[in-house]
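Here is a short report for a reader meeting this structure for the first time. Have a look at the chain, then read on.

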Amino acid sequence: MPKALLFGTGSLGTCYAWVLSKALGESNVTTICRSNYDEASRNGFTIHSKLWGDNIKFKPRITRSVDEAVRQSASDEQPFFDYVVIAAKALPTSPSTAELIAPAVASGKTAIALIQNGIGIEDEFAQRFPDAPVLSTVAYFPATQAAPAVVHHKEIELLHVGTYPAAAPRRHKQAARDFAELIGKGGATARLHDDVQRERWVKLLVNASWNPVCALTRLRDQEFIKASAGLRLGGEDEGEDGKGDGLQFIREVMLEIAAVAQAYGYADVNEELVDFQIGRAAARELPGVQPSMLADVFEGKSLEVDAIVGNAVRMAGRKGVAVPLLKTIYLLANGLSESFARKKVPS
């Protein structure tokens with residue numbers, strides 16, 4: 001039976017730990033916990049899901065570190081992990097996440113699955129583990145950790161899966177198929193793609209616009225729309241094209257992101273898709289959606305600003321695509337994130 005290691009067991013990691021526990025058995029799934037370790041080690045995890053049911057309890061192996069997980073696994077009949085699943089936030093760390101998971105990656109045997117937001121996040125893993133299949137995924141899975149080891153999940157769940165890079169060896173493609181099938185066996189939904197980067201760009205339209213803007217303003221999306229309505233920045237009460245000034249600004253940011261995606265060959269990440277997303281936001285009722293960066297701001301946590309915004313700005317520069325709005329947002333959001341980090345360092 002395959003074995004999986006979950007690096008990052010917050011809201012998303014907990015839910016996929018449960019999915020993998022259903023597919024593989026709890027004894028074949030190891031989780032690495034930090035702030036929720038005490039509760040998880042005593043009582044396991046609890047999930048309240050509108051899709052799968054209330055008060056779901058499970059208890060896989062629970063450890064504090066990769067080294068501890070490797071030591072526990074060493075005495076098993078199969079001592080290595082078939083999958084290392086990274087569900088931690090995509091934050092720059094020292095040592096890097098790739099270095100932190102290295103003891104658990106068995107050459108030629110372990111596949112690395114990235115369940116993380118952002119664009120251009122895979123290189124550090126592909127370079128550190130050139131022989132390992134790197135599986136890039138895009139998750140649509142609204143969940144929050146309401147208390148240590150207690151997660152609330154809404155009714156949506158979907159995981160897009162593909163190799164990195166798209167032109168990966170046959171063995172890596174098979175690893176992606178096997179992982180997608182494993183997710184399905186656990187009762188969740190996975191869609192396999194030959195090139196999953198298109199799905200990353202589609203999600204980035206929303207993530208790289210709404211996430212930092214809501215974080216900077218401390219407003220949910222619909223609250224931001226209402227707050228900026230009637231400012232008459234374009235000389236009209238509703239801004240250009242009948243949209244409020246705030247929503248028009250978000251649309252312009254999304255168009256910059258779409259231009260970068262198109263420069264990398266994803267022509268259908270276009271104005272039509274942007275307007276679809278703008279229409280979804282405009283139709284929401286107050287107070288609207290609270291993006292993950294806004295939740296992190298309220299808790300004074302570092303933001304995934306590099307993975308979600310900064311990398312897109314850097315990729316735009318490499319293709320000569322002008323993204324002045326996105327660049328401004330990145331500089332401001334990066335400063336906000338840095339302010340939280342500085343407060344944690346004793347003066």
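The report goes from the whole chain to single residues.

## Basis of the model

This is a predicted model, in which local features need pLDDT of at least 70, side-chain atom pairs count only at pLDDT 80 or more, and totals for chains, interfaces and linings use all residues. Residues are numbered from 1 along each chain as its sequence is written, and side-chain values use heavy atoms, with hydrogens and water left out.

## The whole chain

The chain holds 13 helices and 12 strands. Helices (H or I, at least four residues) and strands (E, at least two) are DSSP runs, numbered from the N terminus. The radius of gyration is 21 Å, close to the 20 Å of the globule rule for 347 residues, so the chain is as compact as a globular protein of that length. That radius is taken over C-alpha atoms, and the rule is 2.2 Å times the number of residues to the power 0.38. The C-alpha trace spans about 70 × 45 × 40 Å along its principal axes.

Of the 347 residues, 51% count as buried. Buried means under 20% relative accessible area, exposed over 50%, and partly exposed in between (1.4 Å probe, protein chains only). Contact means heavy atoms within 4.5 Å. Among contacts between residues at least 6 apart in sequence, 71% join residues at least 24 apart.

Thr30 sits in strand 2 (residues 29–32). Its relative accessibility is 2%, so Thr30 counts as buried. Beyond residues up to four places away in sequence, Thr30 touches Ala4, Leu5, Leu6, Arg61, Thr63, Ala69 and Phe81.

Ile119 belongs to the loop between strand 7 (111–115) and helix 5 (123–128). This residue is buried, with a relative accessible area of 0%. Leaving aside neighbours within four places in sequence, the contacts of Ile119 include Trp201, Leu204 and Met315. Ile119 and Met315 are 196 residues apart in sequence, yet 9.1 Å apart in space, C-alpha to C-alpha.

## Aromatic pairs

Rings of Phe, Tyr and Trp (its six-membered ring) pair if their centres lie within 6.5 Å; planes under 30 degrees apart count as stacked, over 60 as edge-to-face and the rest as tilted. By this rule there are seven aromatic pairs. Phe45 and Phe58 are stacked, 5.3 Å centre to centre with 25° between the planes. Phe45 lies in strand 3 (residues 45–49) and Phe58 in strand 4 (residues 53–58), 13 residues apart. Both are buried.

Trp201 and Tyr264 have ring centres 6.2 Å apart and planes at 25°, so this pair is stacked too. Trp201 is in helix 7 (residues 197–217) and Tyr264 in the loop between helix 9 (245–263) and helix 10 (271–283), so the pair ties together parts 63 residues apart in sequence. Trp201 is buried at 2% relative accessibility, whereas Tyr264 is partly exposed at 27%. Ring pairs also link Tyr16, Trp18, Trp52 and Phe141 into a cluster.

## Backbone details

The peptide bond from Ser94 to Pro95 is cis, with omega near 0°. Pro95 lies in the loop between strand 6 (83–86) and helix 4 (97–101). The bond from Leu286 to Pro287 is cis as well, with omega near 5°. Pro287 is in the loop between helix 10 and helix 11 (292–298).

Asn55 is not a glycine, but has a positive phi of about 60°. Asn55 is in strand 4 and is partly exposed, with a relative accessible area of 42%.
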